[in-house]
Amino acid sequence: MKAYQADIAKFEASDTQVFGVSADSVYANREFAKQNGITFPILSDFAKRSVVKDYGIFNEEGGYGNRATFVIDKDGIIQHIDEGSVAIDPAGAADACNILTHKKATP
Amino acid sequence: MIKIVFSLVVILFAAASLAAQQPSAPAPTQTPAVKAPAAPPVAPHTNLKVGQAAPDFTLPSTIVGADGRGVRYKLSDFKGKKNVVLAFYVFAFTGG
């Protein structure tokens with residue numbers, strides 16, 4: 001998440017809202033955000049874990065999840081997916097957002 | 001005759017696989033954990049694909065509003081306004 005924080009200006013420049021999503025409680029996430037200087041919202045899918053399940057990145061038996069990044073355009077359509085270790089690096093997502101912005105800019 | 005050929009093939013195959021195993025078994029090089037520990041060996045994979053609609057949700061967040069209460073975000077509120085990046089770290093404290 002720190003890498004996304006470092007690149008936050010890039011995302012903001014391409015008219016993009018970044019969210020972290022975790023299955024930790026709001027309180028745990030606030031502590032995490034404080035310790036790591038995360039300014040973008042971290043969402044808590046703590047109560048039902050329905051979102052991490054909807055996005056197919058939570059293993060109920062193991063109780064662990066995959067790292068994944070989804071880029072969603074202004075129409076609510078998924079435009080880019082990074083999974084696993086690739087998702088740690090925000091470069092792919094940043095590029096995807098950049099392309100989306102330019103697509104909109106050029107009629 | 002066929003049986004002999006067959007057993008020869010079996011023996012050869014067994015020998016070959018043994019030989020293949022010999023040079024392997026490299027000691028797992030334990031690099032001192034500087035950053036995140038390795039990901040779990042088996043990770044679930046998303047069934048969602050590029051081009052599909054993102055499942056909507058409303059979730060509480062780390063952000064505190066002017067009223068002192070936690071802000072909840074709804075994905076569909078961003079429709080027509082902004083692109084959204086969702087960076088999933090299922091457990092923020094595990095694995096950096």
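Analyst: Happy to! In this predicted model, the hairpin formed by β5(A) and β6(A) has five residues between its strands, and A:Gly76 there takes a positive phi near 80°.

User: How many bridges join β5(A) to β6(A), and are they parallel or antiparallel?

Analyst: β5(A) and β6(A) run antiparallel and are joined by five bridges. One pairing to look at is A:Ile72, whose bridge partner in β6(A) is A:Ile78.

User: Is β6(A) enclosed or open to the outside?

Analyst: β6(A) is largely enclosed by the rest of the structure, because five of its six residues are buried.

User: Nice. Let's zoom out: what helices and strands does chain A have?

Analyst: Chain A has five helices and six strands. Reading from the N terminus, the order is α-α-β-α-β-α-β-β-β-β-α.

User: And the overall dimensions of chain A?

Analyst: Along the principal axes, the C-alpha atoms of chain A fill a box of roughly 45 × 30 × 25 Å. The radius of gyration of chain A is 14 Å, which agrees with the value near 13 Å that a compact globule of 107 residues would have.

User: What share of chain A is buried? And what about chain B?

Analyst: In chain A, 46% of the 107 residues are buried. For chain B, the figure is 17% of 96 residues.

User: What elements does chain B have, then?

Analyst: Chain B has one helix and three strands, in the order α-β-β-β from the N terminus.

User: OK, on to the core. Which residues of the largest nonpolar core touch the most other members?

Analyst: That core has 41 residues, and those touching the most other members are A:Phe19, A:Phe70, B:Val85, B:Leu86, B:Ala87 and B:Phe88.

User: Take A:Phe70. What is it in contact with, leaving aside its neighbours within four places in sequence?

Analyst: Setting those neighbours aside, A:Phe70 is in contact with A:Tyr55, A:Ile78 and A:Ile81 in chain A, and with B:Ala54 and B:Leu86 in chain B.

User: How does β1(A) pair with β3(B)?

Analyst: β1(A) and β3(B) run parallel, joined by six bridges. In that pairing, A:Phe19 stands opposite B:Leu86.

User: Which way does β1(A) run relative to β2(A), parallel or antiparallel?

Analyst: β1(A) and β2(A) run parallel, with three bridges between them. There, A:Gly20 stands opposite A:Ile42. β1(A) is mostly covered, with six of its seven residues buried.

User: I was also looking at A:Gln17. Is it exposed, buried or partly exposed?

Analyst: A:Gln17 lies in strand β1 of chain A. It counts as partly exposed because it has 19 C-beta neighbours inside 10 Å, whereas a buried residue needs 20 or more. Beyond its neighbours within four places in sequence, A:Gln17 is in contact with B:Phe78, B:Lys82 and B:Val84.

User: How far is A:Gln17 from A:Thr101?

Analyst: Their C-alpha atoms are separated by 13 Å, and A:Gln17 and A:Thr101 are 84 residues apart along the chain.

User: Last one: where does A:Asn98 sit?

Analyst: A:Asn98 is in helix α5 of chain A. With 16 C-beta neighbours inside 10 Å, A:Asn98 counts as partly exposed.

Note on methods:
Residues numbered from 1 in each chain as written. Chains lettered and ligands numbered in written order. Predicted model: local features only at pLDDT ≥ 70, side-chain atom pairs only at ≥ 80, totals over all residues. Core = buried A, V, L, I, M, F, W, Y, C linked by C-beta atoms within 7 Å. Buried ≥ 20, exposed ≤ 12 C-beta atoms within 10 Å, placed from the backbone. Contact = placed C-beta atoms within 7 Å. Pairing = 2+ DSSP bridges. Helix = DSSP H or I, 4+ residues; strand = E, 2+ residues; numbered from the N terminus. Rg over C-alpha atoms; globule rule 2.2 N^0.38 Å.
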